[in-house]
Amino acid sequence: MFAEYFKIAIKNMRNRKIRSYLTMIGIIIGITALIALITLGQGMQKSVTEQFDKFGTRRIFIGPKVVTGFSGPSGVTELTQKDVETLEKLSYLEYVVPLLSNNLQVEYNKRKEIIGISGIGTEDIERSFTDLQVELLEGRFLEERDHYAAVVGYRIATDLFDKKMHAKNSIRINDIKFKVEGIFEEQGDRNYDYAVYTPIETMRELMEKPGAVSGITANVKQGTEIEVASEKIERALKRARDDENFQVTTPQKIKEQTGVILGIVNLVVAAIAGISLIVGGLGIMNSMYTSVLERTREIGVMKALGAKNSNVFGFFLVESGIMGFAGGAIGVAIGLVISYGLTAAINTTGFVTISMGFDYRLILFGLAFSFGLGMLSGTLPAMRAAKLKPVDALRYE
Amino acid sequence: MIKDYFIIAYKNLRERKLRSWLTILGIIISVASIVALISISEGLEASIKEQFVKFGSNRFYVVVPGGQPGTTSGLTTDDVDVLESIPDFEYVTPYLIIPSVEMEYSKQKAYSSLFAWPSEDSDRRFEDYDFTFKEGSSFREGQKYVAIFGSLAATELFDKDVHVNNKISMKDAKFEVVGVLESFGNRQDDAAIYIPIETARDLFDRPDEVSMIDVTVKSGREIDTVAERARRALERKRKDENFEILTPTQILKFLSQTLGIVQAILVSIAAISLVVGAVGIMNSMYTSVMERTKDIGIMKSIGARNRDIMLLFLVESGMIGFVGGIIGIILGYIASYGVAVYAASAGYSILQVHIDFLLILGGLLFATLVGMLSGILPSKRASKLHPVDALRWTQ
């Protein structure tokens with residue numbers, strides 16, 4: 001019975017090829033745009049959240065408080081070496097690494113650039129980086145005895161200055177000679193590839209801010225829940241500082257927040273792209289109304305031969321559903337191809353990396369959605385067809 | 001003659017009302033979404049520009065690039081002195097921004113950042129910034145523990161509204177509120193709290209730090225030349241290039257570029273629906289041609305030329321685009337007004353929608369053109385029909 005509907009629908013569509021194809025093109029374009037944009041958005045979301053996963057499940061960040069809504073550009077260090085000492089006393093922390101960042105002028109090969117430089121505690125620097133799988137390409141990590149020494153990110157060493165930088169080269173930071181002790185491997189992540197690290201004491205000296213700290217990373221010992229540890233840290237700091245001018249975050253928290261923001265962006269883009277599907281649905285409706293009109297006589301004959309209203313309704317609905325589905329299938333395929341192409345193109349620019357996911361749920365959704373859209377758009381025309389009176393329909397010219 | 005085409009096209013469209021309206025509806029939806037997106041983002045750009053004009057095209061800022069959280073700015077009072085020694089400036093306003101200060105009011109604690117600036121000439125500075133006071137007035141010279149609250153800071157920071165003469169405590173010092181500002185129409189500025197810079201230096205132990213310097217140029221001086229002069233003076237004194245001078249033109253250019261890119265992306269995504277709508281017109285026109293094969297045959301046999309037939313159908317499809325365009329533009333503007341009203345209720349009253357005649361005209365022309373373009377293939381088919389075949393044609 002159902003197979004019969006199918007055959008009739010296909011035959012009818014073939015009879016008016018141009019119209020069927022044009023109607024499908026509308027759906028194809030809409031689904032293509034939707035699938036391509038969603039896939040790209042998901043890829044971006046995935047690569048962003050993957051970066052946070054790299055921090056592992058044991059890392060905690062402590063920084064100055066950022067007040068949302070009531071906050072101007074922050075520009076002052078609010079943490080101090082005392083906070084680092086507070087944290088170092090906590091038994092559930094494996095190590096604590098203080099950071100002090102600032103933008104300073106770096107000169108190499110007679111070129112000056114302003115680069116964000118991080119002073120970093122040297123004590124556990126090696127562990128801290130290797131825990132994140134950030135390894136050195138050349139040279140060594142900073143050591144406690146280092147003074148005017150720096151470890152440099154891959155892109156800064158290779159691209160930024162016209163001449164390639166190597167370990168043992170010297171650079172000038174704020175007109176002071178620094179020795180490059182090490183160069184990081186390429187990470188594909190701006191945060192590391194464009195980083196320059198020096199010992200935190202050196203940085204404090206450059207900025208004339210003894211004891212200043214702009215951020216602290218801490219690693220939680222195995223066996224302690226990270227959320228528990230972050231709450232404990234909060235309490236300990238509150239007690240020691242007697243204020244709440246700090247913020248404790250975990251990569252998971254940041255990941256959730258950025259995920260929500262990216263999700264909203266994706267939703268807006270998908271909604272705008274979805275407008276074209278509404279227009280495509282109108283196209284199906286239009287085409288189906290025309291079909292019903294053209295086949296009025298045919299409907300009369302079928303009804304006279306005993307077809308029930310529901311039969312007539314059924315086969316028009318199947319026809320519009322097929323149109324939607326076929327358009328959707330082609331659209332999904334083209335959309336995936338386009339998003340693969342765009343991802344590859346964007347990744348070669350090196351600006352951002354987008355990971356490419358193959359999400360079968362999205363494909364199923366695309367197919368189901370376009371089938372549903374086709375049927376939905378076909379409902380009104382099919383109802384009109386079903387309600388035709390056999391005698392009127394036969395008399396129709 | 002041309003009038004006849006329109007009459008015939010109109011009649012034909014009316015004859016198949018349902019189909020015509022569905023086709024037009026497709027165009028309406030896509031034109032409306034494009035118009036809404038463009039007018040919203042243009043409204044945003046216009047109001048940003050307006051705020052800049054208000055802020056004055058006679059000032060520029062000295063900042064340190066990057067501005068990542070947790071970095072110090074690296075500007076000091078020495079830099080302010082350098083700028084003050086240049087005669088081209090009306091006055092130089094150093095800012096000290098202190099992020100997240102704990103403050104207490106009516107037994108409630110809250111955090112906010114503080115903007116500290118000189119109490120000297122405070123009147124004039126506030127006036128130049130187009131600050132208007134809802135209550136109270138600006139700092140008097142020599143006043144120490146006084147604060148001025150932005151409109152949002154006064155109403156939203158604490159449960160109880162802050163008014164003039166109320167006392168706020170920060171860092172064990174009691175500040176008297178001497179002024180509350182009118183709203184600027186954007187949350188960032190309305191959330192600010194101002195205190196005298198001398199007080200902030202003492203209280204927060206920042207003897208010579210400066211977060212940002214705002215320089216007001218004397219009238220009649222060319223801002224870009226003066227900015228360049230300031231740059232050289234600072235470079236000479238600081239012996240580095242570790243600072244940046246932002247003129248309003250630069251900031252505006254950057255902002256409108258960013259906004260332009262976002263607008264271009266969103267509009268081109270929305271334009272996809274117009275392509276789908278155009279395919280709908282094409283479809284509807286092919287059907288029309290088919291249904292009217294006999295009419296075409298008759299017209300041809302009584303002397304209509306190919307181009308007459310072609311024009312007839314082109315006018316019809318153009319009409320679909322035109323009508324869809326008109327209604328779409330109206331709906332698009334209604335939608336963008338809705339967004340503006342919503343944004344205003346969320347505290348962003350700076351978003352204003354202007355009726356842009358260029359956009360309306362462009363939208364109409366474009367919609368008509370899209371209609372005609374989608375009609376070309378069907379019209380060609382109609383015009384090429386052989387009269388005899390056409391007359392003989394049955395459905």
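User: Leaving aside neighbours within four places in sequence, which residues is T247(B) in contact with?

Analyst: Some conventions come first: this is a predicted model, in which local features need pLDDT of at least 70, side-chain atom pairs count only at pLDDT 80 or more, and totals for chains, interfaces and linings use all residues. Residues are numbered from 1 along each chain as its sequence is written, while chains are lettered from A and ligands numbered from 1 in the order in which they are written. Two residues are in contact if their C-beta atoms, placed from the backbone, lie within 7 Å. By that rule T247(B) is in contact with F60(B), I223(B), D224(B) and A227(B) once its neighbours within four places in sequence are left aside.

User: Where does T247(B) lie, and why does T247(B) count as partly exposed?

Analyst: Helices (H or I, at least four residues) and strands (E, at least two) are DSSP runs, numbered from the N terminus. T247(B) lies in the loop between β12 (244-246) and α9 of chain B. A residue is buried if 20 or more other C-beta atoms lie within 10 Å of its own, exposed if 12 or fewer, and partly exposed in between. T247(B) counts as partly exposed because it has 19 C-beta neighbours inside 10 Å.

User: How many helices and strands does chain B have, and why is chain B described as more spread out than a compact globule?

Analyst: Chain B has 13 helices and twelve strands. The radius of gyration is taken over C-alpha atoms, and the globule rule is 2.2 Å times the number of residues to the power 0.38. For chain B the radius is 32 Å, well over the 21 Å that the rule gives for 395 residues, so the chain is more spread out than a compact globule. Its C-alpha atoms fill a box of roughly 100 × 50 × 35 Å along the principal axes. Buried residues make up 44% of the 395 residues in chain B.

User: How many residues of chain B are in contact with chain A, and which element supplies the largest share?

Analyst: In this model, 54 residues of chain B are in contact with 55 residues of chain A. The largest share of the side of chain B that touches chain A, 15 residues, comes from α9(B). For residue classes, Ala, Val, Leu, Ile, Met, Phe, Trp, Tyr, Cys and Pro count as nonpolar, Asp, Glu, Lys and Arg as charged, and the others, Gly among them, as polar. That side of chain B divides into 25 nonpolar, 24 polar and five charged residues.
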